[in-house]
Amino acid sequence: MIWVEGKAPKEVIYIGNISLSGNKGKIICNSFGGKWGDSVGIEAFLEWRWEFDRENFEKEIQDEEKRINEELKKTQKPKKMMKDETFWSIISLLNFNDENDEEEILEPAVNVLVKMSVKDIKEFEEALSYKLYLLDTKEHAKNIGEYSYKEETQDYFSADLFLYIRCSVIAKGKEYFELTLKKPQNMSEDNSFEPLLSLASEAYTRRTGKEFEYITGCDYESFSNVEGWK
């Protein structure tokens with residue numbers, strides 16, 4: 001749980017406290033949630049709806065998911081991407097070494113990309129996003145090792161981990177990526193490389209001194225490839 005400060009907004013109506021029993025009263029909350037806002041306490045409202053207004057609540061969720069899926073179908077199209085040859089030449093510079101930390105692994109690739117134009121950096125990010133998007137399918141998610149997507153049992157599946165494992169596929173180079181794209185069973189099991197997501201932003205910040213605020217044509221977050229998850 002969290003604690004917040006300030007006055008509650010007018011949308012929130014005070015109805016009282018629930019007394020804490022036993023050891024619950026001794027728990028210290030160290031999670032500061034900032035100031036009061038419209039979303040504070042929304043969990044209680046959603047739980048109430050789930051218990052007393054479930055039919056309408058589920059319908060609203062389904063309608064919203066349908067709307068989002070329709071939007072994704074319309075918008076998931078890459079903008080101008082870096083040429084494949086150039087993209088993979090930069091990826092090949094990733095310096096994987098048992099003694100290197102994440103920054104040291106990225107550094108050679110960042111050094112090359114930072115010398116290119118801002119347009120090139122954006123085109124690199126576009127190419128990376130599209131390749132991650134292509135790997136975002138149910139079949140690929142079923143082949144990531146211990147935490148694979150299991151449709152039958154509905155076990156916990158981490159969308160973030162799946163993204164980071166897709167990153168590791170690309171980090172291994174063109175040949176491995178193309179093979180894995182065609183044959184999902186070749187997915188990199190339990191290996192992840194989240195730092196790849198920051199390569200373009202790091203190069204952009206060094207190049208311009210500004211934060212990288214660029215929206216790609218394709219969303220690389222898990223479940224964005226609607227066709228791949230049918």
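## Charges and rings: worked exercises

Aspartate 84 is partly exposed, at 34% relative accessible area. Buried means under 20% relative accessible area, exposed over 50%, and partly exposed lies in between (1.4 Å probe, protein chains only). The model is predicted: local features need pLDDT of at least 70, side-chain atom pairs count only at pLDDT 80 or more, and totals for chains, interfaces and linings use all residues. Residues are numbered from 1 along each chain as its sequence is written, and side-chain values use heavy atoms, with hydrogens and water left out.

**Exercise 1.** Find the salt-bridge partner of aspartate 84.

*Solution.* Start with the term. A salt bridge puts a side-chain nitrogen of Lys or Arg within 4 Å of a carboxyl oxygen of Asp or Glu. Aspartate 84 pairs with lysine 131, with the closest N and O atoms 2.9 Å apart. Now place the two residues. Aspartate 84 is in helix α3 and lysine 131 in helix α5, so the pair links distant parts of the chain, 47 residues apart. Helices (H or I, at least four residues) and strands (E, at least two) are DSSP runs, numbered from the N terminus. Lysine 131 is buried, at 6% relative accessibility.

**Exercise 2.** Which ring does the charged end of lysine 131 sit over?

*Solution.* Apply the test: NZ of Lys or CZ of Arg must be within 6 Å of the ring centre and within 35 degrees of the ring normal. The ring belongs to phenylalanine 87, and the charged end is 4.8 Å from its centre.

**Exercise 3.** Which residue meets glutamate 60 in a salt bridge?

*Solution.* The partner is arginine 49, at 2.9 Å from N to O. Glutamate 60 lies in helix α2 (residues 54-75) and arginine 49 in helix α1, so the bridge ties together parts 11 residues apart in sequence. Glutamate 60 is partly exposed at 44%, while arginine 49 is buried at 11%.

**Exercise 4.** How many aromatic pairs does a search of the whole structure find?

*Solution.* Rings of Phe, Tyr and Trp (its six-membered ring) pair if their centres lie within 6.5 Å; planes under 30 degrees apart count as stacked, over 60 as edge-to-face and the rest as tilted. The search finds 16 pairs. Take tryptophan 48 and phenylalanine 52: their centres are 5.4 Å apart and their planes at 40 degrees, so this pair is tilted. Both lie in helix α1 (residues 42-52), four residues apart, about one turn of the helix. Tryptophan 48 is partly exposed at 47%. Phenylalanine 52 is exposed at 54%.
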